[in-house]
Amino acid sequence: MSSYFDALETRSRDQRAAAQLEALNAQLARNGQQAVADLAELAALPVLRKSDLVARQAGQPPFGGLPVSNLAHVFQSPGPIYEPGGTSHDWWRMGRFLHACGIGAGDIVQNCFGYHLTPAGMIFENGARAVGAAVLPAGTGQTELQARAARDVGVTAYAGTPDYLKVILEKADALGYALGITRAAVGGGALFPSLRQWYADRGIACLQCYATADLGNVAYESAAMEGMILDEGVIVEIVTPGTGDPVPEGEVGEVVVTTLNPDYPLIRFATGDLSAVMPGESPCGRTNTRIKGWMGRADQTTKIKGMFVRPEQVAELVARHAEVARARVVASRDGETDVMTVRIETEAADAAAYEKSIAEILKLRGAVELVPLGGLPRDGLVIEDARSYD
């Protein structure tokens with residue numbers, strides 16, 4: 001297997017900047033916007049936030065009037081936000097990451113990202129096709145069947161959230177199944193160092209990417225595991241949250257991404273994630289800029305078990321039940337697994353009465369804790385991330 005997915009990964013900075021400027025101006029033309037003379041001028045254009053996209057899509061369904069082409073799939077993510085999907089070669093640019101993981105022809109990838117409404121499953125399947133790997137489209141749940149299938153078909157690689165592979169492996173151990181997984185390509189949640197080491201101790205090399213449903217792959221780890229290398233098909237800015245103004249290199253700010261995918265041009269799309277640019281280049285030889293990876297949220301929107309939970313969803317939960325004064329979602333960990341607890345301020349006594357609404361609105365199941373009126377802090381938080389990232 002070649003060290004690199006393609007020659008784009010080792011371009012000089014000048015070559016990359018010239019190619020990005022040409023592709024950016026083509027995107028601006030598709031959006032009916034004026035061309036720029038330099039990549040630095042991108043910072044003068046307006047930022048597109050998820051809330052803006054939701055509003056635009058409500059007025060002009062399904063894609064808010066954006067010039068979508070070569071449409072093969074339509075997906076729905078929480079918000080709701082509708083995303084297009086294509087089937088052409090490496091449409092979401094995930095093949096580049098899978099190649100960096102050492103996955104290619106001859107591999108069978110157990111794809112445990114969801115295939116229902118949200119695009120993650122198809123994102124990784126499209127990437128697997130780009131590197132010539134076969135896919136077991138496992139989706140989520142049914143762990144015992146997943147463990148058996150991994151054994152029976154000879155799965156060699158895993159794609160999914162960081163913690164679910166551990167669940168599968170422990171189930172396989174309990175059933176006496178010997179699995180042949182040696183590589184893991186993960187995303188949709190934090191890969192904690194202790195979990196990465198747990199996999200390494202079992203002979204599994206685990207790397208992570210930073211991707212979103214709207215943008216596809218944004219950045220990815222290589223075997224060097226020193227930061228995350230920006231994908232070749234995006235322009236990334238780190239800006240002061242709420243302003244769109246770029247911060248000095250090395251400072252923490254919000255990740256704003258412009259995609260160069262001509263089928264779905266998103267210009268200065270604000271992810272709500274925090275990160276920072278790292279100096280220098282990766283020891284692996286890839287020359288693109290590196291970021292430090294996910295460093296938290298610029299807003300309270302939080303990813304739990306691979307799904308975003310947003311403040312507006314918590315507000316919808318409160319509005320559905322007249323007897324509820326306030327609610328607060330707390331993200332924590334049990335071992336290497338994400339846990340969601342919904343604390344509800346109410347005089348009611350039946351916690352189970354809220355489980356259906358929580359599953360419908362937050363798209364996740366979690367523990368429910370009832371607290372008396374006045375029992376939640378008045379600190380403005382409706383989503384609290386109590387996980388440690390050390």
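The second largest pocket is lined by 27 residues, and Leu-230, Ile-235, Val-236, Glu-237 and Thr-289 lie nearest its centre. A pocket here is an open set of points, on a 1 Å grid over the protein atoms alone, where a 1.4 Å probe fits and protein lies on both sides within 12 Å along at least five of seven lines; lining residues have an atom within 4 Å of a point. This is a predicted model, in which local features need pLDDT of at least 70 and side-chain atom pairs count only at pLDDT 80 or more, while totals for chains, interfaces and linings use all residues. Residues are numbered from 1 along each chain as its sequence is written, and side-chain values use heavy atoms, without hydrogens and water.

Strand S10 (234–239) gives the most to this lining, with five residues; helix H1 (13–30) and strand S13 (277–278) each supply at least two. Helices (H or I, at least four residues) and strands (E, at least two) are DSSP runs, numbered from the N terminus.

I turn now to the sheet. Four strands form an open sheet in the order S19-S18-S17-S20, with mixed pairing; strands pair if DSSP finds at least two bridges between them. At its edges are S19 (367–371) and S20 (383–385), each pairing on one side only. Strand S18 (residues 337–346) runs parallel to S19 over five bridges, and Ile-344 stands opposite Leu-370 in S19.

Finally, Gln-313, Val-314, Glu-316, Leu-317 and Arg-320 in H8 meet Ser-357, Ile-358, Glu-360, Ile-361 and Leu-362 in H9, where contact means heavy atoms within 4.5 Å.
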